[in-house]
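Let's walk through this structure together, one step at a time. Keep the 3D view open as you read.

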Amino acid sequence: MARPVQEINAGSMADIAFLLLIFFLMVTTMDIEAGLQRRLPPMPDENQKVDDIKINRRNILVVRINDADRLFAGGQLLDVSQLKDKAKEFLANPANDENLPEREDKVIEGFGSFAVSKGVISLQNTRGTSYKTYIEVQNELVKAVNELRDEFSLTNFGRVYSALDEDKQRIVREAIPQNISEAEPKDTGRNR
Amino acid sequence: MAKFSNKGKKGVPALSTASLPDIVFMILFFFMVSTSMRQTDRLVTVKVPEASEIAKLERKDLAAYIYVGTPVPSMQAQFGTDARIQLNDSFKTVNDIRDFIAAERETKSEVDRQFMTVSIKADENVRMGIITDIKQELRRTSALRIMYNARKAEKNN
């Protein structure tokens, strides 16, 4: 009874820990949730009269993807790689071209007056468009807006958009809005 | 651990492995903290498309997931190879999205409900028809914040 308590051998602790470690290594999923975030337009009320918001034709760029994943922007057949420049040219309109969107002087809080483009990119697709192409096109359009925001930030604040603080980011967002509208689905194309 | 025979007069002292458990425990805790166990069994195969301009979802706990893709091989005998929608643990149709969103809303706290994001995890090979149906249904249930899940691609400038 008076024997001294034997020390517990801790050598196997490492093995036990390894076992647990391997278990967690197996079950762990470290996929980051990332993607393109969008806001859907609210469903129009059926009882409500549809008030026709007349958007000037020069203010809208229709990007259409057809069944065969071909891309049309403003009635022109384009490659996906050309879309970004087209969208940038459309949204920026630096030369105040007659055929490109109007720019409206708006007072932005904390910045002053800036000619904000009224351009809207309308993205249309058919039921047969592949999701991959759709995301690719969405991505190009977002890239166009992001690059414009970066340019705006660099000229006005001397830094890229992501390096700015919250308040300045808001200014940039107001100056260069991301106006990508997902149109009401049209029943074109084959049902698949 | 094999002991090295001491050829020299002094001999190298045996490497102490006493701190090995500590190191292993450290890694173990890291994985335990960073792990998020998969809550649902995937019934559809999803390979999300690539995109370069992706933004991270800030509040993971406020997300509801809709999976779209072809059923996994073991399910194909029953459900075919056409793209299907998976909500929680089973195949569903577009009409079930309404209930799913309502149920998901209930699980979030009242203040956060408006920030709920529906994450659409769709395979890159699905057609837009099914996505459009989902989008329309989400608009009807006024779950307007959505995210097209995508994986990071290299910037090709």
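H1(A) and helix H1 (residues 20–34) of chain B pack at an angle of about 20°, with their axes 9 Å apart; angles run from 0 to 180 degrees between N-to-C directions, and axes are lines fitted to C-alpha atoms, for helices over the stretch in contact. Helices (H or I, at least four residues) and strands (E, at least two) are DSSP runs, numbered from the N terminus.

This is a predicted model, where local features need pLDDT of at least 70, side-chain atom pairs count only at pLDDT 80 or more, and totals for chains, interfaces and linings use all residues. Residues are numbered from 1 along each chain as its sequence is written, while chains are lettered from A and ligands numbered from 1 in the order in which they are written.

Which residues meet where H1(A) and H1(B) touch? Among them are Phe18(A), Leu21(A) and Phe24(A) on one side, and Val24(B), Leu28(B) and Phe31(B) on the other. Being in contact means that the C-beta atoms of two residues, placed from the backbone, lie within 7 Å. By class, the contact of H1(A) with H1(B) has 16 nonpolar, no polar and no charged residues. Here Ala, Val, Leu, Ile, Met, Phe, Trp, Tyr, Cys and Pro count as nonpolar, Asp, Glu, Lys and Arg as charged, and the others, Gly among them, as polar.

Now look at the whole contact between the chains. It takes 42 residues from chain A and 47 residues from chain B. On the side of chain A, helix H1 (13–27), strand S1 (34–39) and helix H3 (131–157) each supply at least two residues. Strand S1(A) also pairs with strand S8 (residues 145–149) of chain B, in the antiparallel sense over 5 bridges; strands pair if DSSP finds at least two bridges between them. Within this pairing, Gly35(A) stands opposite Asn149(B).

Next, find the open sheet in chain A: 5 strands in the order S4-S3-S2-S7-S8, with mixed pairing. Strands S4 (76–78) and S8 (180–182) of chain A stand at the edges, each with a single partner strand, so one side of each is left without a neighbour in the sheet. From one strand to the next, the twist averages 25°. Helix H2 (residues 80–92) of chain A packs on the sheet, touching S2, S3, S4 and S7 of chain A.
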